[in-house]
Amino acid sequence: MKFRVSHKDNRTAARTGILETDHGTVPTPVFMPVGTRASVKSVEASELKAEQVHIILANTYHLYLKPGNDIMRAAGGIHSFMQWNQPLLTDSGGYQVYSLSELRSISEEGVRFKSHLDGSKLFFTPENVIDTQRIIGSDIMMPLDECPPWPAEKSYVETSGAMTVRWAERARSHLEKTAPLYGHSQALFGITQGGTYADVREWTTRELVDLDFDGYSIGGMAVGEPAEEMYRMLELSHTLLPEHKPRYLMGVGTPENILNAIERGVDMFDCVIPTREARNGRVYTRNGYINLRSAKFARDFRPIDEGFPNHVCRTYSRAYIRHLLNVGEILGLKLCTMHNISFYMWLTRTAREHIEQDTFSEWKLEFLETFNAGQPA
């Protein structure tokens, strides 16, 4: 994997870059749709490409459970399995350490889980998580980490952060003892932790930078902390992370979150918001979001976002998509999902254009003023 910064905004820390992998090139800043189980729900790989999706994300924990390592290896890895020939990133399962807290126990060795599917016992270590990601064959891998909840006592965050660093070192060491299985290279990012404690995040970040990962993920954000606290940690991270390596803010977020993070030097994002909310009928427009299940759209024959350059807006009306949603037709969920993915692709693509033109600040303020003005009361 190679990464280079191609342009720096002249007034903020925003930047554009090029991330090169064996499966293709990714322009940054970039949003990665979430395909947890080797599928971005309801959308085919060819449709993702048509919406200018450059890279997607899948989840190691869920793929380990189903289809399992044996089937994934027999398929020749995830790219072949799901017919996606572009870059793909895998989370380590570390988020499940956070989200499945009632089903797991943590020790220095790793994490013991009870499967959320059938209660069977699982044991994830920094080493076997790398092995599983070798079998999955992702272009970018994540090491096992712990994401502390918010709020949490500083002593807990310190202890957790120190263990995450030790796990990262073990993952880095194990990576060097193994090799890719399918003929393409695999990068490994470090994941910084520390919650909203600036001194903890600073020393854990410095420790990880010393380990010289291919890129760096900013973890432990979007877990309930105020947005201002997240932005404060991003400003700190910008001063600590190497400029010549990509920065990935995990699990974020809303359009406003993304643009404010880009302004603070972040290059990569993922979040379930556009796909999960689409399945509930919430779609994003340049004038805010709307809930298409609402009765007020029953006779609204305008597109979701008038003049927006995507297939859904050129073809279907709000009234038709509302009808599909309200009678339980799967096509309604798919059209909402495709539109939201298209919107998030447009958002980061337009951000790149304005960074290159040194007009990012003006555009961001103008966009957010219009977007937030259109939010439901």
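In this predicted model, the largest nonpolar core has 75 residues. Those with the most contacts inside this core are Ile78, Leu249, Leu259, Ile262, Leu292 and Phe367. Helix H14 gives the most to the core, with eleven residues. A second, separate core has 17 residues, among them Phe3, Leu19, Ile55 and Met268.

Two of the residues named for the largest core, Leu259 and Ile262, are also among the buried residues of helix H10. This helix spans residues 255-262 and is mostly covered, as seven of its eight residues are buried. The buried set consists of Pro255, Asn257, Ile258, Leu259, Asn260, Ala261 and Ile262. With neighbours within four places in sequence left aside, Ile262 is in contact with Ala13, Ala14, Pro29, Phe269, Ala351, Ile355 and Phe360.

Helix H14 (residues 330-356) packs on helix H15 (residues 360-373) at an angle of about 150°, and the two axes are 8 Å apart. Because angles over 145 degrees count as roughly antiparallel, H14 is described as roughly antiparallel to H15. On the H14 side, the contact is made by Phe343, Trp346, Leu347, Thr350, Ala351, His354 and Ile355. On the H15 side, Phe360, Trp363, Phe367 and Phe371 take part. Sorted by class, the contact of H14 with H15 has nine nonpolar residues, two polar residues and no charged ones. Ala351, Ile355 and Phe360, which belong to this contact, are also in contact with Ile262. Phe367 of H15 likewise belongs to the contact, and is listed among the residues with the most contacts inside the largest core.

An α-helix has 3.6 residues a turn, so residues three or four places apart point the same way. After H13 comes Gly328, which has a positive phi near 75°.

Turning to the strands, strand E1 (residues 2-8) pairs with strand E2 (residues 15-21) in the antiparallel sense, over six bridges. The two strands form a hairpin, with six residues between them. Within this pairing, Lys8 stands opposite Arg15 in E2. Phe3 and Leu19, which fall within the ranges of E1 and E2, are included in the second core.

An open sheet is built from three strands in the order E7-E8-E9, and the pairing is antiparallel. Strands E7 (104-106) and E9 (121-124) form the edges, each pairing on one side only. On average, neighbouring strands of this sheet are turned by 15° against each other, direction ignored. Strand E8 (residues 111-114) is joined to E7 by three bridges, and the two run antiparallel. Here Arg104 stands opposite Phe113 in E8.

Strand E10 (residues 140-141) contains Met141. Met141 has a relative accessible area of 0%, and is therefore buried. Apart from neighbours within four places in sequence, Met141 is in contact with Thr90, Ile130, Gln133, Arg134, Leu175, Gln186, Ala187, Leu188 and Phe189. Met141 and Arg286 are 145 residues apart along the chain, and their C-alpha atoms are separated by 33 Å.

Technical notes
Residues numbered from 1 in each chain as written. Predicted model: local features only at pLDDT ≥ 70, side-chain atom pairs only at ≥ 80, totals over all residues. Heavy atoms only, no water. Axes fitted to C-alpha atoms, helices over the stretch in contact; angles between N-to-C directions. Helix = DSSP H or I, 4+ residues; strand = E, 2+ residues; numbered from the N terminus. Parallel < 35°, antiparallel > 145°, perpendicular 65-115°, else oblique. Contact = heavy atoms within 4.5 Å. Nonpolar A, V, L, I, M, F, W, Y, C, P; charged D, E, K, R; others polar. Pairing = 2+ DSSP bridges. Buried < 20%, exposed > 50% of the residue type's maximum accessible area, 1.4 Å probe, protein only. Core = buried A, V, L, I, M, F, W, Y, C linked by side-chain atoms within 4.5 Å.
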